[in-house]
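Please examine the sequence and the structure shown below before reading the notes. They are arranged by topic for a first reading.

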Amino acid sequence: MDTSNPPRMISETTPLVVVARTKKPKTPLPKLQIGILMVLQLVEPIASMSIFPYINQLIRELGITGGDDAAVGYYAGIIESLFFVAQTLTMLRWSRLSDRIGRKPVLLVGLSGTCISILCFGLSTTFWGLVVSRCMCGVLNGNVSVMKTMMGELTDSTNMAQGFALIPIMWCIGGFIGPLIGGTLARPQDNWPGLFANPFWSKYPYFLPCAVSAGGIIVGFFVLLFFLEETLSTKRRPKLTATTLGNSNGVDSNIRGDLSQTSNMPLQSLLTPTIVIPIANYAMLALLDIALMALLPLFFSTPTYLGGLGFTPSRIGMWMAMFAISDGIFQALFFAKIVDWVGPKRLFCVSVSCFTPVVLMFPIMSWLVHTRGMVDYAIVFTLVSQLALTIIWDMAFGTVFMFITASAPTKNVLGTINGLGQTSASMARVIGPAFATSLFALSKEHNILNGNAVYVVLILLAGILRWLGSQLPDEIQDRDE
């Protein structure tokens, strides 16, 4: 009996005629609209990342740690985690609202909330003032999810990799400019006493970087208001083309009614394995990434006798900026090509596998500082190696966004699905900063596993993410078929 061609399993979804797949030509990206979207994608990370170079020093100056440098991590983690708590409670509501009233109004509210909150952060002189301002930003801002939804609506299966490659690039550029602003402009009365002699700057020494970040958000607000077009199909203004004029009003109203009904699908009907698996990967990816982002400035600022590098805020800002700009350049030049070459699933699995060596660089640097007694060329080489591995790790974000977008059964629930993904990621980011920084402080205070317990736990979680990655579909679903 011939077993070389085993019979196929037949089901209701099996095509009657098997057609050989041909590679579609790439659709050009709508450059103007995506360019505007990227401006908005840029201004938000500038604001959020600008606080990291000085947040640990600010907490020390507030006096809430009682002079205990090892306890700074607890409070820094609490501030960032409460931002994500607030975001988790409202993200899905903003996303579902964007499926009903349109993407543009939700983005305008989000930018306004971010601008007000960053100004309040700069004017805060108490720990609870910092907490309230960060929570305000989380409650009023659902833009991260809505912008990914718009990117999904502006692209198709042929240019999705190109479009989603731009999102981490903008975050990287924002991650370069933000820390540079925060590290350079913090405490201007110390750096430029002639220009900032007014007592205001002594009372609010961290207001200047917040004000500069808010200025960028205001620019983004007006660019969005006047130039960005709505992408939600039920809220777009119809273009008066020949095709449009040929459609009857009755057909158009029926289509709009069907789309509106689809956008109000119950959440339970969307919780299928096709949608849940990419979202679970994104949540774990977000947990590990925010833990890494919280650990980097904490490790940099921790005194050398506690196993850190003892960097100043300006030096922290310089290193974090270099990390971000190198990452952005690499993603811009190579991400889409690598996705086309190796495929999104394989790239995702390779990227997440780099997290373990990234984390191992921390105890290696601690050991080098302990044995050498200073930050020398060996530690700089280790930092550069960590940077290279982090660049590969960050490619996982572009690929997981593609899987989440492709999992949507229709474009009119894309906002809800992105909202589910971003809510899950925000829940992970609630845990991440406080978990990582507190475990770091606990490891150092009690010398658990020689002060390295935090790294062991993160490596174990990276193993879980690698397994989750293996559950993703082998190919991106073609949304256009």
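The model is predicted. Thr-423 lies in helix H18, and H18 also packs with helix H19. A search of the whole structure finds 0 disulfides.

**Thr-423**
- Thr-423 has its place in helix H18, which covers residues 414-446.
- With a relative accessible area of 12%, Thr-423 is buried, because buried means under 20%.
- The backbone oxygen of Gly-419 is reached by the side chain of Thr-423 at 2.7 Å.
- Apart from its neighbours within four places in sequence, Thr-423 is in contact with Thr-88, Met-91 and Leu-92.

**Cysteines**
- A disulfide is a covalent bond between the sulfur atoms of two cysteines.
- The closest cysteine sulfur to that of Cys-115 belongs to Cys-120 and is 9.6 Å away, which is too far for a bond.
- Cys-210 is likewise in no disulfide, and its nearest cysteine sulfur, that of Cys-120, is 9.9 Å away.
- Cys-115 counts as buried at 12% relative accessibility, and Cys-210 is buried with a relative accessible area of 0%.

**Helices H18 and H19**
- Helix H19 covers residues 453-470, and its axis is 8 Å from that of H18, at an angle of about 140°.
- The two helices, H18 and H19, are therefore oblique to each other.
- Among the residues that meet are Phe-435, Leu-439 and Phe-440 in H18, and Val-454, Tyr-455 and Leu-458 in H19.
- The residues of this contact divide into 10 nonpolar, 1 polar and no charged.

Conventions. Residues numbered from 1 in each chain as written. Predicted model: local features only at pLDDT ≥ 70, side-chain atom pairs only at ≥ 80, totals over all residues. Heavy atoms only, no water. Helix = DSSP H or I, 4+ residues; strand = E, 2+ residues; numbered from the N terminus. Buried < 20%, exposed > 50% of the residue type's maximum accessible area, 1.4 Å probe, protein only. Polar contact = N/O pair within 3.5 Å; in protein donor to acceptor, adjacent residues only side chain to side chain. Contact = heavy atoms within 4.5 Å. Disulfide = S-S within 2.5 Å. Axes fitted to C-alpha atoms, helices over the stretch in contact; angles between N-to-C directions. Parallel < 35°, antiparallel > 145°, perpendicular 65-115°, else oblique. Nonpolar A, V, L, I, M, F, W, Y, C, P; charged D, E, K, R; others polar.
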